[in-house]
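Work through the exercises below with the structure open beside you. Try each task before you read its solution.

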Amino acid sequence: MNSRAEILSRIKENQPELTSLPAELTAPLQYADPVAMFSTVLGNIGGTAVPVSSYEEIQDYIKTHFADQKRIISTLPELSGVTEAGWEGQDPHSYEDIDIALIKAHFGVAENAALWVTEELMQQRVIPFICQQLAVVVQQKEIYSNMHEAYGQVADAVYGFGTFIAGPSKTADIEQSLVLGAHGPKKMTVFIMADS
Amino acid sequence: MNTGTKDHAGLADIFNEDEARVDWHDETLWFVRAKRDKAAHTLPEWEALRENASQIKDNVLSNLHDYLLQFEAKAQQNGITVHWAADAEEHNQIVHSILKAKGVTRIVKSKSMLTEECHLNEHLQKSGIEVIDTDLGERIVQLAEEPPSHIVLPCIHKKKEEIGELFHEHLGTPKGESDPQFLTAAARVHLREKFLTRKAAITGVNFAIAETGEFVVCTNEGNADMGAHLSEVHIACMGIEKIIPKRKHLSVFLRLLARSATGQPITTYSSHFNKPRAGQEMHLVLVDNGRTKQLGRADFRNSLKCIRCGACMNTCPVYRRSGGHSYHTAIAGPIGSILAPNLDMKEYADLPFASTLCGSCTNVCPVKINIHEQLYKWRQVIVKEGYADTKKAVAMKAMDFTLSSPFVYKTAGKAGRWVMKNIPFLVNNKLNAWYKQRDMPEPPKQSFSEWYKKNNNE
Ligand code: SF4
């Protein structure tokens with residue numbers, strides 16, 4: 001018998017009597033102001049929330065705050081005025097020198113400041129990880145209170161790769177001192193777009 | 001891990017030689033435990049979440065056979081190659097054969113306690129394959145040629161000065177430099193070079209979803225993602241118990257995992273791998289290595305619900321004061337002491353005794369595993385099977401004998417009180433294992449039954 005068959009038959013023999021799945025959690029914590037909560041939590045985990053009302057405002061922010069950054073790329077056509085063109089479709093290793101990557105998130109979650117991003121919003125899977133700084137645009141009305149609502153949104157979604165990103169890359173492996181920028185982005189900015 | 005013939009107590013003695021370090025270790029972990037409490041208290045539904053998670057895992061264990069088949073079929077549809085390994089040896093061989101077929105001799109690996117359990121690094125290194133651990137804490141212990149001492153905080157036992165010394169030696173940082181910020185920056189440069197030049201990446205798996213065939217990897221550093229998205233071959237290794245039924249169940253587990261582990265509201269990255277990248281090969285190895293056996297042990301099967309948050313270690317008074325290496329197994333602390341004897345009862349017979357049975361582990365466990373009860377049960381099994389250390393076996397047998405006979409219990413109590421009052425050195429000496437590190441209590445003037453009789457006019 002091969003290992004697969006062997007393992008499966010041992011499981012069948014040893015697994016306990018079937019128990020049913022529990023009912024879904026009733027009334028998980030809701031925030032009166034999820035956007036404010038999101039911004040606070042993001043600050044606590046090392047990121048910066050920037051409220052904006054238009055893409056022009058984001059472009060202005062980039063021009064003033066990121067003026068010294070050399071390689072700025074974006075997957076948002078709305079920001080092409082201030083970002084590099086034609087960067088997509090290269091070998092993933094070539095993105096090593098990206099200073100700032102700007103991407104869009106499907107939604108954010110207030111309880112942990114996580115943003116849900118799937119492959120098509122990154123163009124290349126490595127982008128949000130390899131850049132020195134990450135900036136994400138999210139719609140204010142798409143910030144949910146908790147993870148149950150979040151998975152309500154993605155339960156049936158189809159994607160090759162998706163990730164929740166909460167703040168910049170970090171480590172506390174050396175005597176529990178928090179250091180931002182372990183392998184991935186050292187900073188994270190989230191542009192929260194006001195409802196139009 | 002080769003520890004000679006030392007057991008937990010002997011190894012803890014070595015750790016305990018440096019009292020200041022023990023205090024520091026104890027405080028550091030308690031600090032992490034306190035952060036867990038704070039995070040848990042932010043959610044009024046915390047207890048309901050734990051109960052929910054526990055019940056989902058019960059369902060998983062009761063239907064594991066079908067969930068694994070469902071998962072396998074979906075994963076294959078998604079373009080992932082699924083392998084099955086009966087034990088550590090087979091797991092290592094599978095990983096090696098994938099690398100060999102691709103002609104890869106240098107790889108990066110992100111944290112996976114399963115590969116530690118299987119001693120994958122040693123196996124690959126013996127076959128001429130270089131493995132670089134990319135989690136910072138794991139890289140540090142790798143440079144020190146030590147195993148991780150904690151499942152979430154692999155180098156929690158090391159001081160920054162020691163890490164500075166290691167980096168000076170291996171990465172060329174200035175001598176005497178021990179600033180965490182500086183050292184992390186040096187490691188970043190060192191490891192980026194590895195990510196950019198290695199063609200294969202190994203990752204662990206935190207959760208695998210039967211419904212969709214995808215798997216989820218959680219990290220704070222982003223090292224699993226850097227490895228996987230830059231590699232031509234991604235191999236993910238998981239124990240068969242990591243399955244959860246549906247994607248939406250992740251909401252429950254992701255809310256519990258990081259809060260229990262470090263007090264964070266969620267890990268920085270919770271990455272869902274559904275399909276390989278265009279042009280990439282993705283393999284997934286499902287490993288048994290004793291898990292099906294544990295599934296059959298009704299008293300211990302609950303241990304398979306573990307999501308590896310490490311909370312039970314951070315809270316354990318014995319772990320905090322004896323260090324992870326004293327457990328001489330890949331997974332230290334309370335949960336490791338339940339899992340290890342399942343693999344080898346003789347080798348790990350000492351571990352279920354490395355507990356005060358205070359129940360703190362059970363209280364913090366996000367999936368409500370009855371950890372301390374299982375440790376107590378293991379002690380009984382181990383004594384019965386004849387694997388216990390003779391001193392412990394004699395003490396347990398004497399206790400069993402005394403407690404099971406009211407006459408002997410009463411007489412023994414009387415005799416004991418007389419002995420402690422009149423010839424205390426008979427008890428307070430080195431031959432009595434209980435006296436070690438403890439002050440014996442003042443003997444009560446009368447026994448509980450004598451007191452009860454007197455006060456109830458029986
Ligand atoms: S047994 Fe519970 S507390 Fe311990 S690591 Fe596993 S899930 Fe966490």
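The exercises go from whole chains to single residues and end with the ligand.

This is a predicted model, in which local features need pLDDT of at least 70, side-chain atom pairs count only at pLDDT 80 or more, and totals for chains, interfaces and linings use all residues. Residues are numbered from 1 along each chain as its sequence is written, chains are lettered from A and ligands numbered from 1 in the order in which they are written, and side-chain values use heavy atoms, with hydrogens and water left out.

**Exercise 1. Describe chain A as a whole.**

Step 1: Take the secondary structure. Helices (H or I, at least four residues) and strands (E, at least two) are DSSP runs, numbered from the N terminus. Chain A has six helices and eleven strands.

Step 2: Take the extent. Along the principal axes, the C-alpha atoms of chain A fill a box of roughly 65 × 45 × 40 Å.

Step 3: Take burial. Buried means under 20% relative accessible area, exposed over 50%, and partly exposed in between, with a 1.4 Å probe and protein chains only. Of the 196 residues in chain A, 56% are buried.

Step 4: Take the surface. Accessible areas come from the Shrake-Rupley method with a 1.4 Å probe, and for residues only the protein chains shown count as cover. Chain A has about 8,200 Å² of accessible surface, and 49% of this belongs to carbon and sulfur atoms.

Step 5: Take the contacts, which are heavy atoms within 4.5 Å. Of the contacts in chain A between residues at least 6 apart in sequence, 73% join residues at least 24 apart.

**Exercise 2. Repeat the description for chain B, then examine helix α11.**

Step 1: Chain B comes to 21 helices and ten strands.

Step 2: In chain B, 59% of the 458 residues count as buried. The accessible surface of chain B is about 19,100 Å², with 54% belonging to carbon and sulfur atoms.

Step 3: Helix α11 of chain B spans residues 223–230, and eight of its eight residues are buried. Among them are B:Asp225, B:Met226 and B:His229.

**Exercise 3. Is A:Ala166 buried or exposed, and what does A:Ala166 touch?**

Step 1: Locate the residue. A:Ala166 sits in the loop between β8 (161–165) and β9 (170–171) of chain A.

Step 2: Apply the cut-off. A:Ala166 counts as buried because its relative accessible area is 1%.

Step 3: List the contacts, not counting residues up to four places away in sequence. In chain A, A:Ala166 touches A:Ile45, A:Asn112, A:Ala113 and A:Ala114. In chain B, A:Ala166 touches B:Ile266, B:Thr267 and B:Thr268.

Step 4: A:Ala166 and A:Val109 are 57 residues apart in sequence, while their C-alpha atoms are 9.3 Å apart.

**Exercise 4. How many residues surround the ligand, and of which classes are they?**

Step 1: Count the shell, taking a residue as near if one of its heavy atoms lies within 4 Å. The ligand has 13 residues around it, and the closest include B:Cys306, B:Cys309 and B:Gly310.

Step 2: Sort by class. Ala, Val, Leu, Ile, Met, Phe, Trp, Tyr, Cys and Pro count as nonpolar, Asp, Glu, Lys and Arg as charged, and the others, Gly among them, as polar. The shell holds eleven nonpolar residues, one polar and one charged.
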